[in-house]
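Me: Can you walk me through this structure? I am new to it.

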Amino acid sequence: MMYLKKLYIIIFLFFVGTIHISTNKAEDLNTVDIDLDEQYFFNQDLLSDFFKKLSNMIDKKNGKINIVHIGDSHIQAGFLTEPIKKSFQSSFGNGGLGFSFPYELVRTNGALDVRYMTNIAWTSWSNTRAVGDVQVGLGGYGLSTQSKDFVLQLSTENDEFNKIKLIYPTKKPQFRISISTEPLEVTSQVKALSKTHKIRKGESLSAISRKYGVSVAQIKKENRLKNNTIHPNKILKIPTRNTVKISNIKVSDNVMFAEMKNKPFYSVFASDVPLKRVTIFPEIDAFKYTINGFVLENKNPGIIYHTIGVNGAHISDYQKYPLFFDQLPILEPDLIIISLGTNESFAHMPVEEFMYQMDNFIAKLKDTNKNATVLVTTPPPSMFKRMNENTYVRDYTDVLIHQKKYPVWDLYTHMDGAMGIKSGRFAPLMAKDKIHYTKNGYELQGYMFATDFINAFNNYREKSRK
């Protein structure tokens, strides 16, 4: 089966032509004209092993291809990855929802294709914080409790699944599953929860605001600050909705538990019939219960697109916990995409240190996932103080595209660098801080990647048939 380049150009241009409908800006974004014939992949021959796997799945109409996309806030929110996921699954088949984490229980943003309800307030921790008591793993977050009375319900609105993996930090199972078709009796309340931040040496208000997804002005107002001066070891109140849905879940006395296969760090349940809801209960003999995420799959051949993102994350944050590398093979990745570097640039990390950390991270990923291809995307352009070019991401891009060890997709150049966002065709897609992008801006980047990637795969298919 051949996927025509023309088809993706039509889909892409249709998307670009409709961006302005949902944006708050008055500019007509139909003027964003992308040259799809340009080459933005470097070391593309290193994608051949992955393309071969994908081609075999298509020809045999059997099996699944697992893609894992790792990054920071734009990945956690799902704005960039959702267009990629939709494009890939529309083209190559939908193998399931993939990795999911209950971000709403951490009181942070995330994809809403899976919803969670619980009857307790969990302790949460992210990999961007100093190493703590909660074991942070695959998703970059951890949820923990010692309560033996918790109930956690997972449900999907549109997608069905036949297999679920429960991921936890121990070699012994921590959870049980009920798949009863009878809905649980649920009443909900919104509980206020506080959030504070201890200032570290060298931190700025702008860095802290990016970490928590709030503005500098909001933090200043909450803490009655007259200027942007802050001091190490002081405690800041972080303005947030600070609420979590606590559900009083009534469970019948005759709950039937499903039989699962238990393996180190995860348990698997497979169902003969499609499901849209499961309920998680504690194993009786566990001392502490920690959730590192879930994986949802269906019975269809196709792509499973797993997204792992943490607001404010650096490459080094993903290397804090060995558990991340222990659990990543659970996803059986065929392709790992890394989209990091923006936060390093705002920490003014020298390009030599950035490349050292990137190379080290990739080496660890390959060591624990020997059948996976690793692809790096360059950071998008951004500005310092809304007016000065972020030269760090430019330098990171230059070195990444000239190394020969792994394939790279050059988003920075694709968006015309700093000029493209300062006064060029991508300027309407920038947030006011000139660091982040609008939702439509991230979605456009996702369609740009998907289109380039599918075109590269089409070229591989054409050459392999000659």
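Me: What kind of model is it, and how are residues numbered?
Reply: This is a predicted model, where local features need pLDDT of at least 70, side-chain atom pairs count only at pLDDT 80 or more, and totals for chains, interfaces and linings use all residues. Residues are numbered from 1 along each chain as its sequence is written, and side-chain values use heavy atoms, with hydrogens and water left out.

Me: What is the strand order in the open sheet of three strands?
Reply: The order is β6-β7-β18, with antiparallel pairing. Strands are DSSP runs of E, at least two residues, numbered from the N terminus, and two of them pair if DSSP finds at least two bridges between them.

Me: Which strands stand at the edges?
Reply: β6 (123-126) and β18 (289-291); each has a single partner strand, so one side of each lacks a neighbour in the sheet.

Me: How many bridges join β6 to β7?
Reply: Four. S124 stands opposite L143 in β7.

Me: Switching topic: how many aromatic pairs are there?
Reply: The structure holds 34. Rings of Phe, Tyr and Trp (its six-membered ring) pair if their centres lie within 6.5 Å; planes under 30 degrees apart count as stacked, over 60 as edge-to-face and the rest as tilted.

Me: Why is the pair of Y168 and F175 tilted?
Reply: Their planes are at 55°, so the pair is tilted, with ring centres 6.0 Å apart.

Me: Is Y168 buried or exposed?
Reply: Buried, with a relative accessible area of 0%; buried means under 20%, exposed over 50%, partly exposed in between (1.4 Å probe, protein chains only).
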